[in-house]
Amino acid sequence: YAVANLFRGRMFESGSYGERNVERAFEYYRLAAEQGHQDAQIGVGLMYRRGVGVKADTWQAFNWFKKAADQDNPHAHFFLGTMYTGGEHTPPGERPIAEPAMAVRHFEIAAAAGIPGGQFALGLMYLGGFPVEKDTARGLELMEAAAEQGFVVASLQLGHEYMRGENLPKNQERAIYWFCRAGAVGRNIFRETYDESLNCDGRL
């Protein structure tokens, strides 16, 4: 039963019902993945990509993500996008070559489904104008959508964008707002980057 195998894998991965054992977790995720369970296929892909519970193998990771994406899983599309961005989708023995246009296709699917990682990645592309045509309004919309879901990296990026004024109009008030939205992480990074303490009282 695929769901039972999936949850058994999660139990071993987290150690919630005994000693943590990532190798056993991988075994159960693999069983569920072979039974067609999308979440398990993503889990197997992540373990192959990170080398957790199994030897790292980006080609295997790519193919497991693709199995889940072929079932229209938006999270899998996000992970495929990240692999195309870094050239991790290439078969063994071949020189890794990034395919940003393919990454955009997968990030578009993830973003449309409300996956914050996809919204962030695609927003970054539209703000920077690569590999898509620069569209500041679209980039800002996507980045804010991710940040509003609590995606801290998006909040930090918005803070930097408004502080530096390269892709967005320089606006220190908006910058501080987004750094504050990132919580303690935002305050620490603001202090380290701009050599100034951040007071977030009354700003949120």
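Me: Buried means under 20% relative accessible area. This is a predicted model. What makes Phe190 count as buried?
Reply: Phe190 has 1% relative accessibility. The cut-off is under 20%. Phe190 therefore counts as buried.

Me: Why is Tyr194 called partly exposed?
Reply: Its relative accessible area is 21%. Buried needs under 20%, and exposed needs over 50%. The value for Tyr194 lies in between, so Tyr194 is partly exposed.

Me: Why is the pair of Phe190 and Tyr194 called tilted?
Reply: The ring centres are 5.2 Å apart, and the planes stand at 45 degrees. A pair needs centres within 6.5 Å; stacked means under 30 degrees and edge-to-face means over 60.

Me: What makes the pair of Phe65 and Phe79 stacked?
Reply: Their planes are 15 degrees apart, with 5.1 Å centre to centre. Stacked requires under 30 degrees. Phe65 lies in helix H4 and Phe79 in helix H5, so the pair ties together parts 14 residues apart in sequence. Both Phe65 and Phe79 are buried.

Me: How do you know that H10 and H11 are oblique to each other?
Reply: The axes of H10 and H11 cross at roughly 130 degrees and come within 6 Å. Roughly perpendicular covers 65 to 115 degrees, and roughly antiparallel starts over 145. The crossing falls between these ranges, so H10 and H11 are oblique.

Me: Which residues of H10 meet H11?
Reply: Phe179, Cys180 and Arg181 do. Among their partners in H11 are Phe190 and Tyr194.

Notes: Residues numbered from 1 in each chain as written. Predicted model: local features only at pLDDT ≥ 70, side-chain atom pairs only at ≥ 80, totals over all residues. Heavy atoms only, no water. Axes fitted to C-alpha atoms, helices over the stretch in contact; angles between N-to-C directions. Helix = DSSP H or I, 4+ residues; strand = E, 2+ residues; numbered from the N terminus. Parallel < 35°, antiparallel > 145°, perpendicular 65-115°, else oblique. Contact = heavy atoms within 4.5 Å. Phe/Tyr/Trp six-rings, centres within 6.5 Å; stacked < 30°, edge-to-face > 60°. Buried < 20%, exposed > 50% of the residue type's maximum accessible area, 1.4 Å probe, protein only.
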